[in-house]
Amino acid sequence: MSWQARSRDRTRAVHAGSPPDPSTNAIAPVISPAVNFASRYGELGLSAAATAGSAYAYSREGHPTGHMLEQRLAAIEGAEDATLFATGMAAVTAVLLQLLSAGARLVVSDSGYAGTAEIVRGTLRRFDVDVLPVDTADLSAVEAAIDDRTSVVFVESPSNPLTKLADIASLAAITRRSGALLVVDSTFATPLITRPLDLGADLVVHSLSKFIGGHGDALGGAVLGRAELVDRIRQDVGIRLGGAISPFDAWLILRGVETLPLRLDAHVANARALASLLEAHPFVTRVLYPGLVSHPQHELAVRQMANGGPMLAFSVTSPDAFGAALGAIDGPITYATSLGLTRSVVLWCDTAELQETTYQLPPAQLAAYRAWAGDGVFRLSPGIEDISDLSEQLATTLDNAFTATPPSP
Ligand SMILES: *Cc1c(COP(=O)(O)O)cnc(C)c1O
C-alpha cells in the first residue's frame, strides 16, 4: 500500500490529487485555465475525456485543476469518486435531476437549507415530482413517508440553520430496505466531522463555498460516493446542466482544503466556547449546538460526529434589540449571509420568512418546527479569530442589548 493510501486526514488534505506537476516539477498545484484541449481526428470521445482524467476535450466536461480537487475531496471523504459543480446548489440540483423522474417521490428534510427547499418546492413540483417534506430527525416519520415510488431521501446533518441532526446509519438501514437512495448534504459537518458514506449513505453533497474552500472567496459544490453513481451524475446531468466549476475557483478551493483540518480545529473550538458563553446568558433563550449536552440530539452527535461541529444557532428574548446592539458596535463578527469562512459571520433566520419561501408546513409540522426554531434564530459561524475578541464582542452586544441601564427620561 502506498504512503498516500495509508495517510491520514491532515496529510491527505495537503497531498491527495496533486503530486508534483509532471511537465514542470512544480510542487504547488498548477492552475490550468484552458477551455479547449487538442485532440486527433477520430479521438474526440467527450464522455471518455471527462472521466479519464488524463484526456480532456472541453473544460465544461472536466479540466485538470478540477480533477486534482475531485481526487483530493474523494480522498478526505473516503469516497470512490467525486464530481464538481460551480456551486453547492448546482450539486444539489444535479443529484435531484439525476435520481428523480416524473411521478417519483422525494422525501426531504423539512428544516434544511432554504436554497434546496426552493428548488424542490418551486421547480421539482412543476415536473410532477411528489415532494414530501418531513422531519427527518424522526425516523418513524421518514419510514411512513417512504412509498414504493420514493427514489430519494435527502437530508442535511447538521441542518442549516437549526443544527438538527439526521441519524444517518438508521436512515440508511431504512432506505436500503425500501430501495430509495440516501443523499446527505454534509456541508455543516465537512468530511472531517461526519463520514456519511461510512454510515451507509449513498451520496454526499458539499457546498465547497463554505468550510472546505474556507475563505469566503470561491464558489463550488461537490457530489461524492460510489464511482458508478457519481460518474452517472457527471455524465448524464453534470455535463449537460453546465454548472461547471471554474479552474480558478477549483484552484482556490484546492488551496483552501490544505488547511481545512487546521482551520476546523479553530472554528470548532470557537463555536464550543461561544455556545457556552451564550448558554450562560439570561437573555439567551436557546442555544442550538450539537456539542452542548442541552442539544436535543447530543447523544446522536456523540455517536455520529467527531465533535460538536463549527456551526451554532441561538435565540434571544428580543432579536430586534440584539440586532440593533450588534449594528452599533465594532468588532470582528460581521452581520452577513453565508458561513464557513475565516471571518465570523452572524445572520438572523426568521421562521415566518423562511416558511414563506420554503415549505409552508401544515400546522402540526409547523408546531414541531417552531419547537426548535421559535420565531427564528441567529445563525453564527465563528471564524478562526482569537476567541477573546469574539467573546468580547458577543458579550458586549448582549449587555448593550439587554442589560444596559435605560436612559433616564
Ligand atoms: C450554502 C449551502 C448550500 C448551497 O451552496 P452554494 O455553494 O451557496 O450554492 C447547500 N447546502 C447547505 C447546507 C449550505 O449551507
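The buried residues of helix α4 are T65, G66, M68, L69, E70, R72, L73, A74, I76 and E77, where buried means under 20% relative accessible area, exposed over 50%, and partly exposed anything in between (1.4 Å probe, protein chains only). That makes 10 of the 14 residues of α4 buried, so the helix is largely enclosed by the rest of the structure. Helices here are DSSP runs of H or I with at least four residues, strands are E runs of at least two, and both are numbered from the N terminus. The model is a predicted one, so local features need pLDDT of at least 70 and side-chain atom pairs count only at pLDDT 80 or more, while totals for chains, interfaces and linings use all residues. Residues are numbered from 1 along each chain as its sequence is written, and side-chain values use heavy atoms, with hydrogens and water left out.

How far apart are the end C-alpha atoms of α4? They sit 20 Å apart, which agrees with the 20 Å that the 14 residues (64-77) should span at 1.5 Å a residue; the expected span is 1.5 Å times one less than the number of residues. Just after α4, G78 takes a positive phi of about 70°.

H206 belongs to strand β6 (residues 203-207) and is buried, at a relative accessible area of 2%.

Strand β5 (residues 181-185) has 5 of its 5 residues buried, so it too is largely enclosed by the rest of the structure. L181, V183 and D185 point one way from β5, and L182 and V184 the other way. Strand β4 (residues 150-156) runs parallel to β5, joined to it by 5 bridges; strands pair if DSSP finds at least two bridges between them. V155 has V184 as its bridge partner in β5.

D185 brings the ligand into the picture: an N or O atom in the D185 side chain is 2.6 Å from a ligand nitrogen atom. A polar side-chain atom of S207 lies 2.8 Å from an oxygen atom of the ligand. The protein covers 92% of the 390 Å² of accessible area that the ligand has on its own, by the Shrake-Rupley method with a 1.4 Å probe.

Key
A polar contact is a pair of N or O atoms within 3.5 Å; within protein, one must be able to donate a hydrogen and the other to accept it, and residues adjacent in sequence count only if both atoms are side-chain atoms.
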